[in-house]
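Welcome! Here is a friendly walk through one structure, told in questions and answers.

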Amino acid sequence: MKNGKSGQKLNSQQMTKQLTNSELNTLLQEVINHTLLQHHYSTDYFQDLYFTGCRSQELLRIDRWKLYSDKAALSTLKTEAIRIFPISHLSSEFIASLADQRQPYNGLTYDQLTREFRQVIKLHPIWSGDRIADTYLFRYNRARMEYEKSHNLLHVMDYFGWYSAAIASKYITTPLIYDPYRSG
């Protein structure tokens, strides 16, 4: 395939495409395991996003969390729903931050972590409707994984603390489109 402007060949990663659930999951696992991450703590952050499906900011707000012996509870940002996670689903760095009441991920900011995510993800940008998804891709991925595991929308709603089937359906069914030519 040729690009009409420059005549350069495009490789398959430069073409617009809709990601499958499997491709999304693989892409995010590659982010977690990327060897070029600038900050050691980024790996913990991306791992925590992957296993919890939390909003990016929820993992940076330890005031929203309570730590118990074998689990951690989050009061979500938008709905203040309580989500319970086994400690095994969270990085040791995050658990230590909760226990010590200190900023997690060595004080890295949302902007620093998002910038690093954009640098290491193989396909960028990926769009969800009219927005670039960035680290929300972890949230989409977790919702889809939970649905594939249970084939039950109510399970997904319960897992995330959502009260609306429409919200759960949005995360499960919205096409995620890699489009390097679209500007946001």
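This is a predicted model: local features need pLDDT of at least 70, side-chain atom pairs count only at pLDDT 80 or more; totals for chains, interfaces and linings use all residues.

**Loops, rings and helices**

Q: Is His151 buried or exposed?
A: The phi of His151 is near 50°, a positive value in a residue other than glycine. Its relative accessibility is 59%, and exposed means over 50%, so His151 counts as exposed.

Q: How do helix 5 and helix 6 pack, roughly parallel or oblique?
A: Helix 5 covers residues 136–150 and helix 6 covers residues 153–160, with their axes 8 Å apart. The angle between the two is about 135°. That makes the arrangement of helix 5 to helix 6 oblique.

Q: Is the crossing of helix 5 and helix 6 left-handed or right-handed?
A: The two helices meet through side-by-side residues: Arg139, Arg142, Ala143, Glu146, Tyr147, Lys149 and Ser150 in helix 5 are in contact with Leu153, His155, Val156, Tyr159 and Phe160 in helix 6. Where helix 5 passes helix 6, the crossing is right-handed.

Q: At what distance from the ring centre does Arg182 lie over the face of Trp127?
A: Here an arginine again lies over the face of an aromatic ring, that of Trp127. The distance from Arg182 to the ring centre is 3.9 Å.

Q: How are the rings of Trp65 and Phe94 arranged, stacked or edge-to-face?
A: The structure holds 13 aromatic pairs, and Trp65 with Phe94 is one of them. Their centres are 4.9 Å apart and their planes are at 75°. Planes over 60 degrees apart count as edge-to-face, so this pair is edge-to-face.

Q: How many residues apart in sequence are the parts that this pair ties together?
A: Trp65 is buried, and so is Phe94. Trp65 lies in strand 2 (residues 65–67) and Phe94 in helix 3 (residues 92–100), so the pair ties together parts whose separation in sequence is 29 residues.

Q: Which residues form one aromatic cluster?
A: Trp65 and Phe94 make an edge-to-face pair, and both belong to a cluster. The members of that one cluster are Tyr45, Phe46, Trp65, Phe85, Phe94, Tyr105, Phe117 and Phe138.

Q: What do the buried residues of helix 3 pack against?
A: In helix 3, Glu93, Phe94, Ile95, Ser97 and Leu98 are buried. These buried residues pack against helix 2 (40–52), strand 2 and strand 3 (71–75).

Q: Which residue follows helix 3, with a positive phi?
A: Helix 3 runs over residues 92–100. The residue that follows has a phi near 55°, and it is Gln101.

Q: Is Asn106 buried or exposed?
A: Asn106 is in the loop between helix 3 and helix 4. Although it is not a glycine, Asn106 has a positive phi of about 55°. At 56% relative accessibility, Asn106 counts as exposed.

Q: Is the peptide bond from His124 to Pro125 cis or trans?
A: Pro125 has its place in the loop between helix 4 (110–120) and strand 5 (126–128). With omega near 5°, the peptide bond from His124 to Pro125 is cis.

Definitions and conventions
Residues are numbered from 1 along each chain as its sequence is written. Side-chain values use heavy atoms; hydrogens and water are left out. Rings of Phe, Tyr and Trp (its six-membered ring) pair if their centres lie within 6.5 Å; planes under 30 degrees apart count as stacked, over 60 as edge-to-face and the rest as tilted. Helices (H or I, at least four residues) and strands (E, at least two) are DSSP runs, numbered from the N terminus. Buried means under 20% relative accessible area, exposed over 50%, partly exposed in between (1.4 Å probe, protein chains only). A charge sits over a ring if NZ of Lys or CZ of Arg is within 6 Å of the ring centre and within 35 degrees of the ring normal. Axes are lines fitted to C-alpha atoms, for helices over the stretch in contact, and angles run from 0 to 180 degrees between N-to-C directions. Angles under 35 degrees count as roughly parallel, over 145 as roughly antiparallel, 65 to 115 as roughly perpendicular and the rest as oblique. A crossing is left-handed if the near helix is turned anticlockwise from the far one by less than a right angle, and right-handed if clockwise. Contact means heavy atoms within 4.5 Å.
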